[in-house]
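Welcome! Take a look at the sequence and the 3D picture below, and then we can walk through them together.

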Amino acid sequence: MPTITINRKVLDKIIGKKLPDKKLKDRISMLGTDLESVGEDDIIVEIFPNRPDMLSEQGFGRALSSFIGEKTGLRKYTVKKSGEKVIVSKEMKSVRPYTVCALIKNLKLDDEKVREIIQIQEKLHITFCRRRKKAAIGIYPLENIKLPIYFCARKPEDIVFRPLEWKKEINAKQILEQHPTGIEYKHLVKGMKKYAVFHGSDNEILSFTPVINSHHTGKITDRTKEAFLEVSGSDLHTANYVLNIMAASLADMGADIYSMEVVYPDKTLVTPDLSARKMKFSVSYINKWLGLALDEKKLKSLLEKMGYGYEKGHALIPCYRPDVIHPVDLAEDIAIAYGYENFRPELSTKGTVAKEDEFEKFRKKVSSLLAGLNLLELNSYHISGKDIQFRLMELKAEDYVELENSKSEEYNIMRHSMLANLMQVLKENTHNEYPQNIFESGYVFRTGDSETGVIEENKVAVVLCDRDADYTKIRQVLDYLIASLGLECAVKEASHPSFIEGRCGKVVCGKTEIGVIGEVSPKVISNFSVEMPAAAFEISLSALFGMIEKV
Amino acid sequence: MDMLELSRKLHPLERKVLPNLEKTISFEQLVEKCGMQEVEVMRAVQWMENKGIVTVKKEEKEIISLDRNGLDYKKNGLPEKRFLDAVKDKALSLAEIGKKAGLDQNELSISMGLLRKKNAIDVKKDKELIVSISKEGKEFLKKETAEEKFLDLHFPVEESKLEKDQKAVFDEFMKRKEIVKKDRRAMREISLTGTGEKLSKLKISDNVADKLTSKMLKEGSWQKKEFRKYDVEINVPKISGGKRHFTNQAVEYIKNIWLDLGFREMTGNMVQTSFWDLDALFVPQDHPARDMQDTFYLKTPKKGKLPDARFVKRVKATHENGWTTGSQGWKSAWDAEKAKENLLRTHTTVLSAQTIASLKKEDLPAKFFAVGKCFRNETMDWKHLFEFYQVEGIVVDPDANFRNLLGYLKEFFRKMGYPDVRIRPGHFPYTEPSAEVDVWHPVKKEWVELGGSGIFRPEVTKPLFGTEVPVLAWGLGLDRIIKENWNIKDIRELYKNDLKQLREMKIWLK
């Protein structure tokens with residue numbers, strides 16, 4: 001989750017008072033953000049992804065000042081009409097379909113504010129804009145722009161300008177190859193024949209979006225008084241909210257917001273719209289959801305603590321809150337304003353009947369039986385590697401379930417047998433005392449016919465590893481287990497690459513083959529670097545469970 | 001000390017060794033005197049030392065013992081004697097002497113040199129050397145030599161205890177091949193203590209039984225016996241038994257808490273489609289949590305099947321426009337192909353989604369729990385694992401509310417030994433309100449985050465259940481609690497399966 005750094009002086013100014021450290025800490029975490037650290041000059045706060053409006057000092061301060069009761073209620077933002085146009089060309093539909101824009105005037109910037117504007121853009125880009133995939137923001141000093149502005153598509157070679165922090169003019173193709181920002185965002189325009197640009201009526205390029213602005217026209221400084229603000233992207237809903245969040249923050253810094261007419265071939269949008277959105281809800285619904293008995297007046301004041309307005313059964317939702325999409329979202333904000341710490345816990349008195357899963361119960365009994373035979377139970381990973389599961393077991397690698405993207409190479413398939421996991425444990429315990437008599441039950445994975453194409457089967461494996469471990473000893477364990485479950489089983493001689501030929505058999509219960517038993521082949525034991533004989537079995541608990549039920 | 005009492009505690013081995021003790025005796029001599037195995041004497045001496053009967057002095061010393069040839073000569077005679085013996089009746093050639101006396105070339109020439117020096121033989125040269133015994137030789141043959149006396153010493157012998165003439169023989173022997181050897185060895189000297197001396201003068205009853213046998217019981221002979229007293233305060237060798245893995249012990253306990261509270265257990269697959277793990281939980285399809293980064297997606301089989309069309313239709317509509325849930329939805333297109341992607345479940349909440357989908361109105365109110373492994377694509381280190389346990393719970397009840405959620409969490413953690421629980425605002429795409437759950441750590445004196453909780457959004461419950469119903473839900477971390485309980489620092493130790501550690505570990509005691 002993203003973190004933002006907030007200058008404490010700026011925060012104090014926004015809130016209108018200085019909060020002691022302890023209170024600040026407590027209030028921030030109860031507002032629904034995580035305080036990472038408090039420093040002398042700065043605090044670092046983690047913002048949850050549902051609140052992109054809090055990714056700036058202004059937005060965060062706005063929310064906090066309401067929450068502590070300093071400046072509550074809905075903020076009203078005025079948008080003046082500029083009448084200026086942004087003209088969107090027809091071909092944008094297939095290149096970058098949407099843009100929404102605004103003009104910002106009367107900006108009073110200093111270094112600190114310039115830093116903040118850059119921080120909001122960055123944080124919004126990473127989170128809400130999904131690394132510029134859904135939307136990207138551009139802000140340009142107005143002084144170098146000839147209005148109206150055009151939003152159109154051009155061939156890469158025809159897009160020539162000096163990108164931000166670059167010495168000379170290059171074309172879009174070169175930007176993607178050479179400029180660090182170009183390299184970083186290259187994938188967003190991959191495969192496109194034409195790229196999106198904003199340019200002035202004098203053809204001067206403002207930006208190659210969503211990649212980079214022009215150094216000449218697209219860099220704001222502390223001297224910038226007026227600016228052009230645009231958000232472009234594939235999703236109009238997201239773009240509008242990003243524009244609103246940016247505009248509201250700039251307005252909170254004291255700037256004036258002017259609308260622009262964005263002229264599409266088939267429609268004209270006047271943006272931004274910073275008015276509040278209405279959402280109908282019922283007081284009783286909120287009370288029922290939260291287990292409270294709040295009256296309308298109290299509810300109104302709680303909503304105001306969270307920056308909402310209230311009007312006859314409707315919440316007025318600020319223009320910068322995309323996350324409020326259902327009355328339950330209001331319920332959460334009301335709960336936050338009420339204070340999570342003020343909820344009294346209450347256990348429901350309604351009776352329900354407990355029930356343990358039957359298979360899990362069965363499995364627990366099997367484990368207790370085996371532990372009673374002086375076997376140690378293990379707990380090993382579900383994710384394993386082909387080497388352990390197949391090569392070292394002298395088995396052919398087949399019908400295994402493979403991971404796409406594991407970060408560790410030796411863990412990239414799902415375990416195929418429990419026995420392989422136990423052998424691996426023996427390998428890691430050669431320095432410990434023998435006998436090493438161990439067992440584990442767990443799910444193993446293979447491809448097959450199911451909803452996911454994976455069959456998960458529960459198996460139990462037992463390994464006796466000691467100087468006198470042999471077939472008789474392991475067979476005794478098997479017989480004891482099966483007999484204790486009230487079943488009968490037989491062993492039929494069979495070959496298995498992991499076991500010694502002639503000392504191995506399949507375990508058959510009724511007509512069902514449920515597993516394998518034998519003395520582990522010296523090849524396999526050596527593959528695992530163990531120097532002690534081992535005898536083992538692995539049987540399907542899933543299959544046994546089916547038989548128990550029938551008894 | 002009561003000597004009688006002490007005598008009753010003597011082990012049969014001690015009883016055998018005790019009479020052989022002297023004021024001071026070397027361990028080697030004692031072994032010889034007792035005529036027992038070295039290890040038996042050693043154990044007896046150790047026990048007696050523990051009982052204050054003897055003291056044992058250990059010292060590094062130069063020790064002389066007989067080597068290979070020395071042992072042979074002690075048994076079969078010195079080569080020079082054997083040489084002389086061979087010619088005592090008849091002059092013989094060297095080859096004949098060698099054959100008769102069983103000497104090799106080297107022994108023959110040494111013997112000849114020695115005997116010549118003593119004038120014990122006459123040597124004539126014919127075709128070959130012919131040796132005959134002299135008068136002095138005959139005398140020499142009858143006499144026991146200093147060398148022979150030396151061989152009869154009780155080896156091993158300390159070099160420092162050799163007398164002057166013995167030392168001369170020793171030096172001489174050292175020049176010859178493999179007769180004696182000298183090493184530095186730790187020598188033990190055993191001395192009786194005052195108690196020991198008194199005890200050794202006592203007549204120790206031999207009507208003492210060491211072990212109660214079946215025969216004694218059958219015959220009733222135990223009635224006439226006295227049983228040796230044990231030193232019950234000593235340490236005995238450790239044993240260990242079979243047992244459940246410690247994590248499973250903790251899991252059992254936690255399951256029982258939920259069972260006590262009237263919850264039913266949910267189980268289900270670890271491999272799931274994105275549909276159940278994410279889409280059904282209203283996680284937007286472009287949510288960062290769906291990134292390749294954190295989630296294990298499957299390569300084979302890459303995709304699964306979508307469930308019943310009824311669920312798919314509702315989930316799709318809810319994502320795109322809110323369907324009939326009263327929500328606006330995510331306002332972007334929902335891709336069925338993306339929902340088919342297989343993954344390793346990222347949370348047990350997937351089981352809650354499936355359970356809600358299987359419920360009917362008449363099943364309510366209903367409460368469910370699950371304890372199961374979930375997966376996160378992480379590089380392993382002391383703090384991170386790619387598998388972790390989650391404790392999941394849901395309460396599906398038309399009357400459930402946020403305060404009940406807090407009630408269940410509090411009750412659970414109280415039973416886990418954390419009486420103080422608090423919730424803080426949090427965020428999960430599928431709950432509203434969402435709450436992080438902290439417990440007060442009584443030792444560390446700080447709040448520790450142990451999970452997430454909330455009430456499922458109607459966008460989750462209505463498509464699955466058919467109508468809107470509040471569902472309280474939580475997903476709590478377990479590994480941290482397990483780590484705390486056994487004071488484990490490195491999380492990888494949970495699944496390390498070190499058998500020594502497993503054998504020695506205390507059990508889950510709650």
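## Ground rules

Contact means heavy atoms within 4.5 Å. This is a predicted model, in which local features need pLDDT of at least 70, side-chain atom pairs count only at pLDDT 80 or more, and totals for chains, interfaces and linings use all residues. Residues are numbered from 1 along each chain as its sequence is written, chains are lettered from A and ligands numbered from 1 in the order in which they are written, and side-chain values use heavy atoms, with hydrogens and water left out.

## Chain A as a whole

Of the contacts in chain A with a separation of 6 or more, 70% are between residues 24 or more positions apart. Chain A has 17 helices and 28 strands; these are DSSP runs numbered from the N terminus, with helices being H or I of at least four residues and strands E of at least two. The radius of gyration of chain A, taken over C-alpha atoms, is 33 Å, well over the 24 Å that the globule rule gives for 551 residues, so chain A is more spread out than a compact globule. That rule is 2.2 Å times the number of residues to the power 0.38.

Along the principal axes, the C-alpha atoms of chain A fill a box of roughly 90 × 65 × 50 Å.

## The nonpolar cores

A nonpolar core is a set of buried Ala, Val, Leu, Ile, Met, Phe, Trp, Tyr and Cys residues joined through side-chain atoms within 4.5 Å. The largest one has 201 residues, and L544(A) and F413(B) have the most contacts inside it. Helix α8 (residues 236-252) of chain A gives the most to this core, with nine residues. A second, separate core has 37 residues, including L281(B) and A473(B).

Which residues does L544(A) contact, leaving aside neighbours within four places in sequence? Among them are F362(A), I482(A), C509(A) and I539(A).

N458(A) sits in strand β24 (residues 454-465) of chain A. N458(A) counts as buried because its relative accessibility is 0%. Beyond residues up to four places away in sequence, N458(A) touches several others, including F359(A), R363(A), Y443(A) and L541(A).

Helix α1 (residues 8-15) of chain A is mostly covered, with six of its eight residues buried. Among these are R8(A), D12(A) and I15(A). The buried residues of α1(A) pack against elements of chain A including β1 (3-7), α2 (21-30) and α5 (111-126).

Notes. Buried means under 20% relative accessible area, exposed over 50%, partly exposed in between (1.4 Å probe, protein chains only).
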